[in-house]
Structures are given as structure tokens and as C-alpha cells.
Amino acid sequence: SNEAPLPLQRRVMYVGERIRWFFENQKEAVLEFMDKLEGTPNANLYSPLYPKHAKLIKQNEMIKHLVFQTYDKACKRQLDQFVELFDNMLTSTFSNPWVFLKGATTGAGETEDLQDAVLPSFDDTKERIPKEIQSRSGTEATLSKWLTDIPTESSQIDEAVDKVQMLVLKTYSFIRSQVCDQVELFSESFFKLPMMRRLEEDMAMIELSEEDTANYEARRERLGGEIHKAQESLVEVNACIERLQNFKLKCEARGRGM
């Protein structure tokens, strides 16, 4: 059924949202770490520009807003890609579950101490190969057996429906277990690593929006007018100071003349 992976997709969406929430809540913590890195024993392990950049971000709200906004957009984009890749994986899995559920090869001596490990003999190899072939198709053989147990006679339709439903539930259970076991791997390969690779490029492409650019231009013009007025006032103040100094010199000269 096309609706079989829907519950698993909802859980995947929940996992993706939690991962996104985790990364988005690291912004303030990372900024605080960068700000307090200077003078610590770990300072030599990181770039000396970290404390300078942290102070610049804290002092300028616009820079902080742009950096945080770009980071949040990167997390959102990676969430969409994570869900899309997971959906593609689930679609391919449910389209042919037998291939996905085929058991992997497991060695009999995996739990043995490496110091006691020796190269297998020819007889051991001959004995191991049939066991590996059988173990690889363990789950597939079990599901195939359940499939052959489904009656095909019309008089046993109720029993057939029950067994088909049981087979679907068991198959879904196997797929869900294997997918859940690999969620951490998928989180690393589908979310964290791609985001970290592209985050530097995203930060390098930060630009002011048209609205912010217009606001900054208006602010620049306003500050330019204030600077011009301040310069005119400074000229007047300097002229007053000069007149007062001249008046002081005249008064001192008159006092000495008397």
C-alpha cells in the first residue's frame, strides 16, 4: 500500500524537526563560546579571529540578525533535504522490501579476542560459506515462508486476509526496526555533514536586503546632515573661543599697562 510508510514518514519529520531545533538553539551558545575563548587554554586550538568576530556580532545587531537568519535558513533548507532524502529511501524500501531486509553477513568469531584470531583454514572456509549464504537470506526466507502460507482458495478468504495483514505488519516492523537503528547515521549523512559543508558558502553570500539597504542609506544621509550641523556648530564655537582669548589678551595687556 502507498500509505504504508506514512507513519514512519511522520516520525522522520519529527526527528528532522528535533535536529533542526537542536542546531538552531546552538547559536547563542556558540557565540558565547567564541566571546570567552580568548585567554583560555583552548584558545590555541581555534582561530584568533573568533573573539574579535564574536565582539563584532554582539556590538552590531544588524550583523547578528543577518548571521542568525542565514544560519536558520541553512537549517531549514537542510531539514527539507533530510526529509526528501529519507522519503526517497523509504519509497525505494517499501517498493522492494525483500532487498532491504536481506540480512548482512556476520562472522561467527566477531566477539572473539583479536589476539586469538587466526586465518581460517580451507575446511573452515568451506564450512562458513554455506552458513553465510543462508544467513544473508534469513529475514527474506522467513517472509517468503509467511507468503507461501497464505491460502489461495476462495473459501479461505478470511484467513488469507488475516495472514496478509500479519505479513504487512511484520514487514513494516522489520523495516521500522532497521530504519530506527540507522537514524543516527542518516542524521549525520543527510543533515549535519551537508549543512556544515555548505554553511561557509552561505555565510559568504550574506547580503543586506533592499529594505535594510534603504534604511542604512537613509540613516547615512541623516547622520551626514547631523555631521554637517555639528561641523558648523564647531566652527561657531571655535570662533567664540578665539574671540574670548583675544578679549582675555586685551584685558591682560591693559592690566599690565596700568
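## Burial and surface

Of the 258 residues in this predicted model, 20% count as buried. Buried means under 20% relative accessible area, exposed means over 50%, and partly exposed covers the range in between (1.4 Å probe, protein chains only). The protein exposes about 19,600 Å². Carbon and sulfur atoms supply 56% of that area. Accessible areas come from the Shrake-Rupley method with a 1.4 Å probe, and for residues only the protein chains shown count as cover.

Residues are numbered from 1 along each chain as its sequence is written, and side-chain values use heavy atoms, with hydrogens and water left out. Because the model is predicted, local features need pLDDT of at least 70 and side-chain atom pairs count only at pLDDT 80 or more, while totals for chains, interfaces and linings use all residues.

## Helical content

The protein has 10 helices and zero strands. Its pattern along the sequence is α-α-α-α-α-α-α-α-α-α. Helices (H or I, at least four residues) and strands (E, at least two) are DSSP runs, numbered from the N terminus.

Contact means heavy atoms within 4.5 Å. Among contacts in the protein with a separation of 6 or more, 79% join residues 24 or more positions apart.

## Helices α1 and α8

Two packed helices are described by the angle between their axes and the distance between the axes. Axes here are lines fitted to C-alpha atoms, for helices over the stretch in contact, and angles run from 0 to 180 degrees between N-to-C directions. Helix α1 spans residues 6–24 and helix α8 spans residues 157–181. They pack at an angle of about 15°, with their axes 11 Å apart. α1 and α8 are therefore roughly parallel. Angles under 35 degrees count as roughly parallel, over 145 as roughly antiparallel, 65 to 115 as roughly perpendicular and the rest as oblique.

The crossing of α1 and α8 is right-handed. A crossing is left-handed if the near helix is turned anticlockwise from the far one by less than a right angle, and right-handed if clockwise. Pro7, Leu8 and Arg11 of α1 meet Tyr172, Arg176 and Val179 of α8. By class, this contact has four nonpolar, no polar and two charged residues. Ala, Val, Leu, Ile, Met, Phe, Trp, Tyr, Cys and Pro count as nonpolar, Asp, Glu, Lys and Arg as charged, and the others, Gly among them, as polar.

## Helices α2 and α3

Helix α2 covers residues 27–35. Its axis comes within 7 Å of the α3 axis, and the two cross at roughly 125°. α2 and α3 are therefore oblique to each other. Their crossing is left-handed. From α2, the contact uses Leu31, Glu32, Met34 and Asp35. From α3, the contact uses Tyr50, Pro51, His53, Ala54, Lys55, Ile57 and Lys58. These residues divide into six nonpolar, one polar and four charged.

His53 lies in helix α3. With a relative accessible area of 39%, His53 is partly exposed. His53 and Met34 are 19 residues apart in sequence, and their C-alpha atoms are 8.0 Å apart.

## Helices α3 and α4

Helix α3 runs over residues 49–59 and helix α4 over residues 61–95. Their axes come within 5 Å and cross at roughly 105°. α3 and α4 are therefore roughly perpendicular. Leu56, Ile57, Lys58 and Gln59 in α3 meet Glu61, Ile63 and Lys64 in α4. Three residues of this contact are nonpolar, one is polar and three are charged.

Lys64 sits in helix α4. Leaving aside neighbours within four places in sequence, Lys64 is in contact with Glu28, Leu31 and Ile57. The C-alpha atoms of Lys64 and Ala54 are separated by 9.3 Å, with the two residues 10 apart along the chain.

## Pro194 in helix α9

Pro194 is found in helix α9, residues 183–204. At 12% relative accessibility, Pro194 counts as buried. Beyond neighbours within four places in sequence, Pro194 is in contact with Gln78, Glu188 and Ser189. Pro194 and Gln81 are 113 residues apart in sequence, yet 9.4 Å apart in space, C-alpha to C-alpha.
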